[in-house]
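Hi everyone, thanks for making time for this. Let me put the structure up, and then I'll walk you through a few parts of it.

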Amino acid sequence: MGNNVKVYYFILFFLLWVKTTGGYAQETEQYPIILSSRWFHPSSPKDTLSTIRMVELYKPDRIDWMYCTNDSQLAQLRMRKVPYSLAINPQVPDSAGYTVNGRIKDFRGQKLAAPWMRNWKQKNPYWGCVNAPVFQQLFLQESYKLIDLKAYGLFVDDARFNDHATEWGGCLCEYCLTGFTKYLQDNGADSLKSSFNYRVFLQNEGIEVLPIKDRLIPLWIHYQTFQTQSVIRFLKTWRQEVEKYAGRPVTFLTNNYGGQWTEIYKIFDIGVAELPENRLNRNYLLARMTEADRLNKKQYFALSSDKEGKQLKALFLTYSAGSTLIIPWDVYIPTKSEQTANRYFGENQKFQPIYHLLRQGQKHILRTANANNKARKAAPFQIITESKRDSLNLHEYDFGKYRIVMIEIDKYRKSHTIKLQPSTLLKKENIQVLFPDPELVDIWQEGRNYKVIFSSELVILRISK
Ligand SMILES: [Zn+2]
């Protein structure tokens with residue numbers, strides 16, 4: 001056997017080995033059930049919500065993205081053996097709850113709040129600047145406190161910091177200005193004097209306010225790169241220091257917008273993407289999951305919607321794509337008034353039984369089929385639409401004891417009729433409507449078939465085998 005052939009066999013064997021171990025990992029991996037109680041409830045005597053009640057109901061594998069520094073509250077979670085990651089954000093206060101020092105500044109040297117937060121009634125609206133030493137120290141000290149509170153991980157909410165602020169015309173604080181001069185000198189502008197001041201330079205160019213639309217700002221593209229690199233440096237240092245302080249493994253999480261893994265988000269291990277309703281489709285989720293797998297990251301999703309049907313759809317789509325939907329309780333939803341961020345608290349009766357099924361049916365949920373997929377031939381029934389013109393999207397999920405069928409209708413019509421044509425004996429009492437409310441769906445037997453009539457865009461049935 002020649003050397004080349006040996007190498008070939010070795011590579012083949014190696015590929016097979018990788019493939020097998022990869023498959024094994026996928027099959028045994030648990031899809032975690034994650035609660036994201038953003039604050040520990042009840043947060044006041046009038047708050048009827050309870051984080052502990054949710055923990056007892058859903059039995060989550062962990063809590064992520066929670067703001068809490070109260071050790072006696074956290075002790076209640078530790079007692080129940082629920083790991084938690086604790087959240088920190090650019091608005092971490094430095095002075096008795098206020099954001100005073102080391103903050104992002106605008107063109108005029110005034111502190112700059114994020115545009116979407118300007119109407120929120122907050123005591124701490126100003127983001128810290130990653131180039132300001134006082135903020136670097138503050139962020140570390142506050143992170144150490146969360147480590148001391150026995151968080152398994154730290155969740156940075158809005159991890160883009162200065163990189164994001166370039167979109168609102170910041171940061172132009174003294175540290176950023178001197179830092180930028182140094183950046184230019186290090187990147188080809190050898191003859192640039194150290195007294196160069198970007199703000200003065202822009203003023204001389206006739207610019208009096210930032211951001212400005214429809215006009216090229218001189219050197220701004222370099223300024224953005226400088227700020228992105230500043231954030232990357234800040235977060236890398238922070239991560240190293242936190243790990244050193246903890247003396248144990250720490251997981252780093254962030255809300256990566258749109259499930260993207262930019263250079264900034266890549267510093268983290270786990271991303272939670274808040275999906276808008278219009279991104280809720282299987283192909284999008286699969287693309288995001290593939291990217292996360294490639295980078296050896298974990299990608300989870302929350303849906304920014306107060307519509308029960310959309311949340312249920314998200315639940316099935318995310319888990320069947322190999323991900324997780326954060327329990328739709330205390331999740332962010334956008335509001336028109338912009339006075340505050342709104343939260344959605346899904347009804348336990350709707351969601352808990354499905355999470356319970358997921359917990360029980362872990363081994364089976366990967367087997368999912370689409371209407372166009374041949375795999376549905378294995379189903380104990382066929383689904384037939386009354387009208388051929390209906391564009392129908394069918395997903396089936398095998399949960400072992402149960403089969404979940406989710407049917408979406410794209411086309412608006414007053415009502416839809418589908419037929420369940422059983423190939424094995426199917427009894428009516430074995431068909432349970434999970435969505436919409438059962439009284440809005442008619443099911444009756446017609447010969448060997450069942451007719452299902454509904455008027456919503458989505459129907460979810462649970463069929464016992
Ligand atoms: Zn700055």
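Before I count anything, one definition: rings of Phe, Tyr and Trp, taking the six-membered ring for Trp, pair if their centres lie within 6.5 Å. And please keep in mind that this is a predicted model.

With that cut-off, how many aromatic pairs does the structure hold? The count comes to 29. One of them is F161 with F234, an edge-to-face pair with 5.2 Å from centre to centre and 65 degrees between the planes. F161 belongs to helix α5 and F234 to helix α8, so this pair ties together parts that are 73 residues apart in sequence.

In soluble globular proteins, nonpolar side chains tend to be buried together. Here, the largest nonpolar core has 122 residues, and Y198, L235, W238 and Y355 have the most contacts inside it. Helix α8, residues 220–246, gives this core its largest share, ten residues. Leaving aside residues up to four places away in sequence, L235 touches A159, F161, I264, I267 and F268. There is also a second, separate core of 17 residues, and V433, V441, V452 and F454 are among them.

Now for the metal. Which residues are the protein donors of the zinc ion? They are C129, C171, C173 and C176, each through its SG atom, lying 2.2 to 2.3 Å from the zinc. The site is tetrahedral, with angles of 98 to 116 degrees among the four donor atoms. Along the chain, the donors follow the spacing C-x41-C-x1-C-x2-C. C129 sits in the loop between β3 and α4, while C171 sits in the loop between α5 and α6, so the pair ties together parts that are 42 residues apart in sequence. C129 and C171 are both buried.

Last stop, helix α10, residues 308–320. Its 13 residues reach 19 Å from the first C-alpha to the last, close to the 18 Å expected. The helix is mostly covered, with twelve of its 13 residues buried, including L312, L315, F316 and L317. After α10 comes G322, which has a positive phi, near 90 degrees.

That's my tour, and I'm happy to go back to any part of it.

Terms used
Residues are numbered from 1 along each chain as its sequence is written. This is a predicted model: local features need pLDDT of at least 70, side-chain atom pairs count only at pLDDT 80 or more; totals for chains, interfaces and linings use all residues. Side-chain values use heavy atoms; hydrogens and water are left out. Donors are N, O and S atoms within 2.8 Å of the metal (3.2 Å for Na, K and Ca); water is not among the atoms, so sites may look incomplete. Four donors count as tetrahedral if all angles lie between 85 and 135 degrees; four count as square planar and six as octahedral if opposite donors are over 155 degrees apart and all others between 65 and 115; anything else is irregular. Helices (H or I, at least four residues) and strands (E, at least two) are DSSP runs, numbered from the N terminus. Buried means under 20% relative accessible area, exposed over 50%, partly exposed in between (1.4 Å probe, protein chains only). The expected span of a helix is 1.5 Å times one less than its number of residues. A nonpolar core is a set of buried Ala, Val, Leu, Ile, Met, Phe, Trp, Tyr and Cys residues joined through side-chain atoms within 4.5 Å. Contact means heavy atoms within 4.5 Å. Rings of Phe, Tyr and Trp (its six-membered ring) pair if their centres lie within 6.5 Å; planes under 30 degrees apart count as stacked, over 60 as edge-to-face and the rest as tilted.
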